[in-house]
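I opened this notebook to record what I looked up, element by element. The entries follow the order in which I made the searches.

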Amino acid sequence: MFKSIREMESGRIYNGTERAAFTPDRITELKADEVFVFGSNLAGMHGGGAAYVAFRKFGAVMGRGVGLQGQSYAIPTMQGGVDTIRPYVDEFIAFAGAHPELFFYVTRIGCGIAGFRDRDIAPLFAKATSLENVCLPRAFVEVIGAQS
């Protein structure tokens with residue numbers, strides 16, 4: 001069930017650890033069980049934006065544009081429209097659901113270099129709002145809440 005912004009603002013406890021209510025704008029470090037979810041390209045060339053941060057700090061692998069890599073998870077956003085991103089987001093949501101031992105910070109994937117807007121990408125993550133181990137950007141939660 002979707003929680004309101006107000007209900008979420010105080011943060012959360014997951015696996016005995018206090019977590020942010022929303023994905024921080026800048027992530028510079030992660031706890032051992034946390035994963036940085038970023039927008040990539042299918043070729044896995046992590047040269048800019050959050051992809052570069054994932055490569056430099058969180059184990060993203062050059063040449064791998066999809067899935068778990070170290071403490072990062074790549075979701076391709078550069079190959080076309082929103083409909084081409086949806087299957088990768090669905091795959092991520094299934095992965096997160098199958099891995100309750102991990103906590104995922106989803107960045108504003110697709111809303112930087114790829115050129116999408118929050119209102120384009122956020123609805124793809126609506127199903128993730130039921131997962132306690134997935135943290136979304138505040139802007140995504142606001143869009144999803146407005147649509148529910």
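I took buried to mean under 20% relative accessible area. The model is a predicted one, and I read each entry below with that in mind.

**Entry 1: strand S3.** I first looked up the burial of strand S3, residues 34–40, and found 7 of its 7 residues buried. I then sorted the residues by direction: Glu-34, Phe-36, Phe-38 and Ser-40 point one way from S3, while Val-35, Val-37 and Gly-39 point the other way.

**Entry 2: the partners of S3.** Which strands pair with S3? I found strand S6, residues 103–106, paired with S3 in the parallel sense over 4 bridges. In this pairing, Glu-34 has Phe-103 of S6 as its bridge partner. I also found strand S5, residues 72–76, running parallel to S3 and joined to it by 5 bridges. Here Tyr-73 of S5 stands opposite Val-37.

**Entry 3: Asn-41.** I went on to the loop between S3 and helix H2 (49–57), where Asn-41 is found. A polar atom of the Asn-41 side chain lies 2.8 Å from the backbone nitrogen of Gly-44. Leaving aside neighbours within four places in sequence, I listed Gly-65, Pro-76 and Met-78 as contacts of Asn-41.

**Entry 4: the nonpolar cores.** I looked up the largest nonpolar core and found 28 residues in it, with Ile-75, Phe-92, Ile-121 and Phe-125 having the most contacts inside it. S3, S5, helix H3 (82–98), S6 and helix H5 (138–147) each supply at least two residues of this core. The largest share, 5 residues, comes from H3. Apart from this core lies another, of 13 residues, among them Ile-27, Leu-30, Ala-74 and Phe-103.

I then listed the contacts of Phe-125, not counting residues up to four places away in sequence. Phe-125 touches Ile-75, Val-89, Phe-92, Ile-93, Val-106, Ile-109, Leu-136, Phe-140 and Ile-144.

**Entry 5: cysteines.** How many disulfides does a search of the whole structure find? I recorded 0. A disulfide needs two cysteine sulfur atoms within 2.5 Å. The sulfur of Cys-111 has its closest cysteine sulfur in Cys-135, 15 Å away, and is therefore too far for a bond. I also looked up the burial of both residues: Cys-111 is buried, with a relative accessible area of 14%, and Cys-135 is buried at 0% relative accessibility.

Conventions. Residues are numbered from 1 along each chain as its sequence is written. This is a predicted model: local features need pLDDT of at least 70, side-chain atom pairs count only at pLDDT 80 or more; totals for chains, interfaces and linings use all residues. Side-chain values use heavy atoms; hydrogens and water are left out. Buried means under 20% relative accessible area, exposed over 50%, partly exposed in between (1.4 Å probe, protein chains only). Two strands pair if DSSP finds at least two bridges between them. A polar contact is a pair of N or O atoms within 3.5 Å; within protein, one must be able to donate a hydrogen and the other to accept it, and residues adjacent in sequence count only if both atoms are side-chain atoms. Contact means heavy atoms within 4.5 Å. A nonpolar core is a set of buried Ala, Val, Leu, Ile, Met, Phe, Trp, Tyr and Cys residues joined through side-chain atoms within 4.5 Å.
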